[in-house]
Each structure stands twice: as C-alpha cells, then as structure tokens.
Amino acid sequence: MQRSRGLHTLYISPLKALAVDIARNLETPIAEMGLPIKVETRTGDTPVSRRQRQRRYPPDILLTTPEQLALLLSSDDAPFLFSQLKRIVLDELHALVTSKRGDLLSLGLARLWRLAPQLCAIGLSATVAEPESLARFLVPQRDGMNKTADIVVAGGAAAPVVEMLDTKERLPWAGHSARHALGEVYDLIKRNKTTLVFVNTRSQAEMLFQDLWRMNDDGLAIALHHGSLDVAQRRKVEEAMTRGNLRGVVCTSSLDLGVDWGDVDLVINIGAPKGASRLIQRIGRANHRIDEASRAVLVPANRFEVLECAVAIDAIAENAQDTPPLRTGALDVLAQHVLGCACGEPFLAEELYAEVLTAAPYSSLTRTDFDDVVDFVATGGYALKTYERFARIKQDKQGRWRVTNPRVRQSYRLNVGTIVEDTMLKVRLVRSRGGASGSTGALGRGGRMLGQIEEVFIEGLVVGDTFVFGGEVVRYEALAEDQVYVSRANDKDAKVPSYMGGKFPLSTYLAERVRKLLADKRAWSALPDQVRDWLTLQRDVSRVPGVRELLVETFPRGNKHYLVCYPFEGRLAHQTLGMLLTRRMERARARPLGFVANEYALAVWGLGDMSFMIRQGKLDLDALFDPDMLGDDLEAWLAESALMKRTFRTCAIISGLIARRFTGEEKTRRQVLFSTDLIYDVLRKHQPDHVLLRAARADAATGLLDLRRLGDMLARIQGRITHRELDHVSPLAVPVMLEIGRESVYGEAGDELLAEAADELVKEATG
Amino acid sequence: MTLVADLSGALFWEEQSVLVVSDLHLEKGSSFATRGVLLPPYDTVATLGLLAAVIARHDPRMVIALGDSFHDRTAHHRLSTTDRDAIAALQARRDWIWISGNHDPALPSDLGGVVATEVAIGPIAFRHEPTGAPGEIAGHLHPKARVSTRGRSMERRCFACDGERAVMPAFGAYTGGLNIRDAAFAKIFRAAGFMAHVLGDNRLHSIAASRCY
C-alpha cells in the first residue's frame, strides 16, 4: 500500500467552527504564495470517505478537535500519522483545560510525546489567570519536576472601554431580569450600529427578547440566538449578522467563544458578569480588531450585582484574570483513554502508567488509582470478581493489554468524548386541545419543530403551564418519547420558570473583590447613590462584614425565625451549605423548615427562636459552621442527592460503563433500559469505594456541589464568625429574603408580588 | 378481604397470608455484562435482601413471584451459590410459586417451589401480563407515577389499581418503570379512572392517576 508522509502540524480548537474558520484563513495566504502545503480540517461533520483518506494520505496541517485527536490516536495508523509531527497548536487553551475535555487532551498529548519526541506544543490564550500552570500543560512532566513551557506575552491590544449603566430608574433589590433598565438598553441599541446583548440563561434571553420587541416602535431588526434554538434558525441569525442586517442580537454564552461576528460596535452584558475573564471574552466579541478598543456596558439587575459589576470593571482595568486553576485529571476520563489505548496497539501497564504521568493533570496520579482504572476497564473493577469471562480487555502472554473483541473497539469509537449533554427533548408546535387533561394519545402529532429544551425543565412542568420558547408564549400540552408538544398560548405573559441560575457561579476572585469593596467604606463613594445608601443603612442597623469574617444575622419575622449568613461563595456552594446546615440545626432542635440561597447569601428559617438559642448557648455558631460538616453529614446527604446522581451518570457515560450511542443511534434517557440512579444506589451500598464513585465525588468537589469552595470558606471563617441579633430583617438580607418562595412565583404577576414584598421588607429593614 | 400494599412494593393478603412480589429481574446486572455493559454485579444480592426483609416482616404462608423473576432465560445459571442458598432459605417453611413471565418463560424445576403460568386463589387470579380481566393482579408493566407537590416534582414506583384489578410495581433493584400515563395502562383500566398508590419514603400516597403526569 502506497503511503505518503505523516502530519507536520496539528491545530486543536474547542469549537468545530473555529477550526473551519482558521483553515479558511490559512488557505488564502498559502494559495497566494503558491506554497506546497496541504491544509485540511477533520471534525465530526467530515465525511467518512475523507476521514479514511486522511489516515492514508494525511495533509501537512490538520485542524481538528480533542475528540478527533483521541480517535486518531486509538487507530492502528497512529504511529505512521504522528511520528513525524513537529508542532501542535492548542487554541483557546484556557477554555479547554478547565474541563474534562482538557483531561482527555492532556492524555492525547502524552501519547503524542511518546510517538513524536521532537514535538513542540504551543498554547494560545487571550484570558489566562496563571500562565505558569497553563505552561505546565504544554510540556511532558517528569519525576515530580515542575516543567513549564516558555511564555510569550503578546501586547498592544487596546484596553476595552467598559462602563456600568448609570440607571435613572430604581434599582431592584432582587431578581435577574433587569426589566427596570429595558428602555435604556433599547436606547443603546438604537444609538449603535450593531449591539450584542449577553444574558446568562436561555430563559432570560427569551424574556428580554420578548420585552424588547414589545417596545420596538422603531422596528429595529433585533434577533434571538441561544443554544436550544433549532440549528436552521440559528444559522439564519448568524448570516443576517454577518451581512450586517441586524441592529441587535440577544444571546447567551453560546456566542462567548469563537468566530468573528461582523461589525459589532457594542456589547451589553445584562446581569452579573460572574467572572472577569468570562466578561473579557464576551467584550472581545465587539470590534475584533487589535488596535481598536472594544466598548461594553454592564447592566446590573439588582443591587448586589452593582457591586459585582463595579469590581469586574476594576479587574478589567487592571487586566486581572480569574480562569480557574488547572484541574486534577479525572479518573473517568482516564478510563476512556485506557480503553482507547487498548483499541490501538496493545500496551504494558507500567509503560502506559509512565506515559500518563507526563500529562500535567495526571502528574500525581498514584499507581493504585491507575491500576484500579485498568481493572475497571477490563471487568468493571468490582470486588465481587464475577465478570472475568466478560472482560473488555485482557492481558496476553507478554502481559500486554488488548481488546477482547471488535465490538469493544466499535463502542469506544462511537462514545469517545467527555461532553455529556443534558437530555434534550424536541419541542413541536401543535394545535391546542383546550382541555386540561394530560393524557397522551389523541393529540395531533407532527407539528413544526421549534427547537430543543432540557428534559429537566419539562419534568418540572404540569400540563397547561405556559412558558416562553423561541420568542413565543407556548402552552405545554404533552410529552411523548423525546418530543414535547406545545401549542401557541393566547396569554401575553408566560408562567416562565424562576431564574434557575447560570451554569457559572460567581468566581472566587470576584467574590473576594466584592468582600473587599464592602469592607472598604472609602470605596463606596464610587458606587451609585442608591447602593451607597443601602450599605450605609446596613452599617447603621447591623454590620457590614469584613473581608475574612462571616456575618450571621438572626431575627424573627411573621411566626418564623430566620438565620441569614453572607459567605459570598456562589449559589452552588451556598445550596450545599444550606443542605448541611439544616441537617445540623435539626439535630440542635432549632426546627429548621427551609432555606434559600443566592450568589452572596444563605437564609435558613425555622420554628425555633435561633436568637434565643444562640444567647443561651444552645446553638453554637462555631460548631454549626465547623468544617467537620463535610464528613458524615455530607455522606448522609449525598446518599439521596439528585445532583450527585446526575454527576454519577456523567461519570458512568464518560468512563464507558454505559454507552450513550449504540451503532450510531443516540439514546435518550427514556430508552435506556436501566436507570443509573438505581445503579448508583446499589453500588454505593455494596462497594462505596468503587473507582466510579470516587470519580463522581471528585466531580462533586468542583461541580454542582462546589464542595471545595465550601471547604475553603469554612476554613477561612473559623473563629471569625460575627453574630448580630436583630429585631427585624436587615438591609443586606432583603435580596436573599426575596428569593424565598420564588419557586412558585412567576412572570409579571411575580414581579409585582416581589415589588410589594420588597417594599414591605425594606420598610421593615429601614424602620 | 384485606390486601396491603407494602412500601417495599410487595402486596400482602392478610386472610390468606400470601405475599406477592413482581418483576424481581434477578441477574439483570450480569445479563448486561454478557453484552459488554459491566453493570455492578450486586443487584441480585440487593433484591434478595429487600425480599428477605419484607418476608421477615409478614412471615407469609405462601410467596408468589409474579413473573420476570429472572432477567433472561439463562439468568438462573448465573446465580452465585450464596444467592441460591439465600433463595432456598426464604423458601423454607412456606409455599413458593414462580409465575413465569416473558423474561423467564421456561423456569427449571430445581429452583425450589412450584412453577406455574398463573394461579387463582379464591376470586383473584395472579398472572404476569395484565389482561384487564376483573379480579386480576399482574405485573409486567413496572408502573411509576410522577407527582408534584409544592413546586417540586418527583417520580416513584406505584401500584396501579381501580378496585377491580391491579398492576404491581417492579420489585427488583435495577428495574426502572413505565409512567402510568402511558397508553398501555389506559388499555387495561379502560374508561374508568384508576388510582396510583405511590411508594413514598415513609408512607404510601394514593393519588388519582389523572392527577399524575
């Protein structure tokens, strides 16, 4: 068989679209200069025939994604393809390394370093907090020595011009819709050529888009773009945008990274920026030219967000970054990689272990963990050794591991990758049956496809509920298989679900800056009057928390008693804290009834008089907030936690325990023949130290439960808890108190109720 | 006649001292393992443990396993010696009837107890697949119901029953469920509504099926 030479350069990007874009940008100068260099892309969309040809006759430069790299490495052609490789370029590296995709990529790099010792890796990033740790990723780690790549800092980009909207309206106490500033946002769109309006969630995008259209007397071309919309609809918006036909696009993080978007001259960010680096990425969407400053306006939706916006603007001025630190490599990803290795040439455990250690995220992996992973890949890693005869990989006489049958290889190829999406359901528009009965059956099927929606969201709805989707108010009619049937609702207002919180919690870095801003009274002068008055009032009636202390307030309200604390560690960590605190308060007989968390604070309410109990020494705050809550209390709670079960399911899929695709067909959770929740329950009881449970717990530390951050906070505040016993709610507590009951309070009516509640609370707080 | 729906998902007929469990699906884990999906091999132990507990609570004269007791035709071969002994211990001092189901249509005779396609005791017929006939207690469909309370929604296993006939929840540790709003249930219960007796944490919740979704 005739074969050409292997690859010279690899380019890896987190987005397919980015790889295609870069390929175009390379082809033009190569053609103009008449260079004999072949450039090709390889993504999930590349036809099979071309992919096969690429393995026989590779181009000089291949632009691809981490998943495709893993696939190529697991093929028999890997030595031929990669042994001549000189360069690998990793674009938007900061976006890759903070996720399991980065783990997979690092293991691929380790493989490449062995196949091509001469290889030089280059990472590109515009926003990185710790260049040194990112530089470790790019060179093989050896013998515990901390090796880093050289760092080149490109300068010259004009600093962005970022300001906060100085609203003439009254700043809301809570909520995330920023409806108070709607008119001002519309004016900004009107005064600029093309504006991108970023919001944090899909439902916010829907709501804002509707509101803007309602006031669009000038008929401005304003469009909507988010990840759940049908692809065809998104493409239409993107094309109109590139042609310069749009005045404004309301969008979510689906546009954070990536391709140039024509002539955007203003970026508006609604709500909390969450992190300085994230904000810089978004602002970078405007004026994608290096010599011109990007312009952005931040629109805080409530008073706490004003603080967050203020410190984010300071951070940008200082060019401070807050991308999360490098991860510790996940064991489920390692399991996928080990199976991939066995699909290629058989491997010796010692050699593969040594190779894996050169990947920065895995440089401190223990041999025991590695062997457990290999055992898991082979027979499931169960203490009860009953699956020897079903092994997926086996050792030959030389001790080398290889796959036992071609089906294993095929399954690996179909399931490679670390992105496990929420199960999505197709939304179809049908005619309403009017009635409120929810039986599936008689409803007319078919209907126009509007887009996709998270199954979790639909599971929370009752037939007849209305919500906003694709810019329309629709009524939930029925659910059948993976289709959600909705009809057009006549209502102007939908029973939109309450704000579910963005995927990203407030960054640790911004949180610390907010605490500093609060503690520094001189800095308050730069804040809007309304916010300064609010903080001054808090100082007079209670206390403004110091940088490292935890302020705890207790007060009665109605026939209940409240405990509010202000850790500033993000909603996820606060929710976990709430779960654990209520367990402990239960034991202390404070009779807690519930809790609510936002990005800044946590409020717990109950029947016991907590002020009295603290005074009498029956409720010891130091003991209540002791870090030992992360021991038994956490274990007991994790047994039932739905979040933990979701985390486990993700690990089970990535590790290859269960497949998400069989022979090319994607399975929805409805069709899966067993439930990972039940498997979790059984495994937890019978082998609590199983490698997958360890992987799931490690994820919980940084993921949905944010345990690490909670642990850091508890350590920080030890011996620094300040308690204030109050007669009534404090000004600082008003925002979190307004979150109570939001679950059942929706839409416009909800806003009115909220406003009423706010007035009442504020009167009390200032009374 | 007193039929008690047990929180474990079993049914206890007090007067007759008969305990009924449906759809144990023993060895479901190893059944998937034969096809390369290495589910934890602890489901049989877990299911038998639950069964032992409910038998200890009621000390029945007779146990009826209402079909699909084994996940596939060869599942009983894969039972460990320990699990085999555990089954034998449960069968001691009482009658035991294995009703055959679609997953285990041809059960061997060495499992202890009696194998039958269906059994009638007084006015009640016990069979695996529901036909909709009055006086029938069946399994097969694995009913579960979604209920919402105070803004939260949760899905649990349930008994489906209209006073004339009942479909029992699946008992096995790895058995999922079929929502009672599925057309399969409408066929059995026809026009008249039926109740879902949902297995809660500490008690049974009886809710009209039309109010579940």
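In the predicted model, helix H20 (residues 571-587) of chain A lies across strands E21 and E22 of chain A and runs at about 170° to E21(A). Within E22(A), Trp605(A) stands opposite Gly594(A).

E21(A) and E22(A) belong to an open sheet of 5 strands with mixed pairing, in which the order is E21-E22-E20-E19-E25 (chain A). The edges of this sheet are formed by strand E21 (592-597) and strand E25 (721-725) of chain A; each has a single partner strand, so one side of each is left without a neighbour in the sheet. From one strand to the next, the twist averages 20°.

Chain A as a whole contains 29 helices and 25 strands. Of its 767 residues, 45% are buried. Among the contacts in chain A with a separation of 6 or more, 74% are between residues 24 or more positions apart.

The chain is divided into five parts, given here with their bounds: domain 1 (9-154 + 327-415), domain 2 (161-317), domain 3 (426-488), domain 4 (542-629 + 710-766) and domain 5 (636-706) of chain A. The C-alpha centres of domain 1 and domain 5 of chain A are 24 Å apart. In the contact between these domains, 18 residues of domain 1 of chain A meet 16 residues of domain 5 of chain A. On the domain 1 side, the elements that give two or more residues are helix H13 (331-343), helix H15 (367-379) and helix H16 (406-415) of chain A. H13(A) gives the most to this side, with 6 residues. By class, the side of domain 1 of chain A that touches domain 5 of chain A has 11 nonpolar, 4 polar and 3 charged residues.

For chain B, the mean pLDDT is 91, and 96% of the residues reach 70 or more. The predictor gives the complex an ipTM of 0.91 and a pTM of 0.81.

One residue of chain B was examined individually. Thr74(B) is located in the loop between strand E4 (62-65) and helix H3 (81-91) of chain B. Thr74(B) counts as partly exposed because it has 13 C-beta neighbours inside 10 Å, whereas a residue with 12 or fewer would count as exposed and one with 20 or more as buried. From C-alpha to C-alpha, Thr74(B) is 21 Å from Gln91(B), and the two are 17 residues apart in sequence.

Key: Residues numbered from 1 in each chain as written. Chains lettered and ligands numbered in written order. Predicted model: local features only at pLDDT ≥ 70, side-chain atom pairs only at ≥ 80, totals over all residues. pLDDT = per-residue confidence, 0-100. Helix = DSSP H or I, 4+ residues; strand = E, 2+ residues; numbered from the N terminus. Contact = placed C-beta atoms within 7 Å. Domains from an automatic or database assignment. Nonpolar A, V, L, I, M, F, W, Y, C, P; charged D, E, K, R; others polar. Pairing = 2+ DSSP bridges. Axes fitted to C-alpha atoms, helices over the stretch in contact; angles between N-to-C directions.
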